[in-house]
Amino acid sequence: MASHDSSTTSTTASATAKARKRIWLTGASSGIGEGLARRLLADGHRVALSARSADKLEAIAADAEQGPGEALVVTLDLTDREAIRAAASQIEARFGGLDLALLNAGTCEYLDAREFEADLVHRVFATNFQAAVDVIESALPLLRMAAADGGERPQLAAVSSASAYLPLPRAEAYGASKAAVSYFLESLRLDLDNQGIDVSVIHPGFVKTPLTERNDFPMPMQVTVEQAVEAIVAGLARHRLDIHFPRRFTLLVKLLGILPAPLRRSIGLRMTRD
Ligand SMILES: NC(=O)c1ccc[n+]([C@@H]2O[C@H](COP(=O)([O-])OP(=O)(O)OC[C@H]3O[C@@H](n4cnc5c(N)ncnc54)[C@H](OP(=O)(O)O)[C@@H]3O)[C@@H](O)[C@H]2O)c1
């Protein structure tokens with residue numbers, strides 16, 4: 001954590017202090033989450049970093065030591081509800097509330113319908129959907145504290161996927177888990193509105209990360225982590241309801257998603273492997 005009393009940086013520091021947010025970021029150890037962690041810390045925010053890989057989180061925190069931000073490493077496995085509750089207590093003790101809960105952690109496994117495996121679906125849902133619900137349970141009281149303080153409305157945001165817009169082959173588990181995240185957050189948005197909490201859903205297209213490195217199919221209009229981070233940070237600053245990028249790709253997928261079922265079927269069939 002950097003000191004904020006340096007006279008040479010006092011103007012910048014006080015400007016930053018005004019917009020300084022208390023953030024809980026999950027999936028902070030890799031890919032989009034690591035990019036977000038580094039950016040949010042560089043922007044001077046106070047960021048609780050969560051993932052299983054303690055070494056990676058510690059490295060990000062160490063790199064931010066001399067910068068304007070404050071990192072709190074909260075290592076946890078998101079499939080462990082008690083660990084999530086303990087993490088929230090740790091964050092409350094240090095930050096005294098949350099201005100942004102940014103649920104980014106996720107996993108991807110593709111289903112082989114010839115050897116249908118329900119366990120795979122359970123695993124993907126445990127990380128992508130159930131863990132998100134469990135983090136929300138623990139984060140909401142902290143967001144309500146910020147709402148009670150007045151000022152800018154606190155935010156709950158989750159990284160879904162453009163795959164939520166359009167069912168694709170082999171994406172039964174991943175796509176359904178992300179569609180569940182999108183639906184859940186959009187529904188929750190309505191019920192949190194009068195509690196002073198804003199909800200954003202983030203729908204990235206393809207981003208070059210360790211998660212997509214495993215993909216053995218074409219990924220059109222793939223963007224870099226830096227581009228993804230820029231789009232997410234800009235969208236969150238505007239409290240956008242649906243943050244989707246790259247827009248040429250996501251608008252096309254959205255359009256395909258509202259085509260009549262027979263057309264969606266024939267387009268989807270062209271992407272199958274059999
Ligand atoms: N890359 C894309 O093209 C793309 C497109 C659309 C949506 N997304 C979504 O964007 C998010 C980030 O993906 P990414 O591409 O950056 O993937 P990534 O590099 O694989 O990062 C995934 C992050 O989630 C964390 N995580 C996974 N399982 C966890 C668990 N059980 N407990 C705690 N942390 C866990 C990982 O940390 P540890 O392994 O250290 O626990 C890691 O920090 C995901 O929700 C993904 O579905 C990605």
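Q: Which of the 29 residues around the ligand come nearest?
A: Ser 30, Arg 52, Ser 53, Tyr 174 and Thr 209 come nearest among the 29 residues. The model is predicted, so local features need pLDDT of at least 70 and side-chain atom pairs pLDDT 80 or more, while totals for chains, interfaces and linings use all residues. Residues are numbered from 1 along each chain as its sequence is written, and side-chain values use heavy atoms, without hydrogens or water.

Q: How do the residues of the shell divide into nonpolar, polar and charged?
A: Ala, Val, Leu, Ile, Met, Phe, Trp, Tyr, Cys and Pro count as nonpolar, Asp, Glu, Lys and Arg as charged, and the others, Gly among them, as polar. Around this ligand there are 13 nonpolar, 13 polar and 3 charged residues.

Q: Which helices each supply at least two residues of the shell?
A: Helices are DSSP runs of H or I with at least four residues, strands are E runs of at least two, and both are numbered from the N terminus. Helices H2 (31–42), H6 (172–192) and H7 (210–213) each supply at least two shell residues. The largest share, 3 residues, comes from H7.

Q: Where does an oxygen atom of the ligand lie 2.6 Å from a polar side-chain atom?
A: A polar contact is a pair of N or O atoms within 3.5 Å. Tyr 174 provides the side-chain atom at 2.6 Å from a ligand oxygen. Backbone atoms also take part: a backbone N or O of Asn 104 is 2.8 Å from a ligand oxygen, and a polar backbone atom of Gly 106 is 3.4 Å from a ligand oxygen. The ligand taken alone exposes 880 Å², of which the protein buries 93%; such areas use the Shrake-Rupley method with a 1.4 Å probe.

Q: How many salt bridges does a search of the whole structure find?
A: A salt bridge places a side-chain nitrogen of Lys or Arg within 4 Å of a carboxyl oxygen of Asp or Glu. The search finds 19. One of them joins Glu 70 and Arg 46, with the closest N and O atoms 2.8 Å apart. This pair links distant parts of the chain, with Glu 70 in strand S3 (residues 70–73) and Arg 46 in strand S2 (residues 46–50), 24 residues apart.

Q: Where is the peptide bond from Phe 245 to Pro 246 placed, cis or trans?
A: Most residues other than glycine have a negative phi, and most peptide bonds are trans. The bond from Phe 245 to Pro 246 is cis, with omega near -15 degrees, and Pro 246 lies in the loop between strand S7 (242–245) and H9. Arg 170 has a positive phi, near 70 degrees, and lies in the loop between strand S5 (155–159) and H6.

Terms used. Near = heavy atom within 4 Å. Polar contact = N/O pair within 3.5 Å; in protein donor to acceptor, adjacent residues only side chain to side chain.
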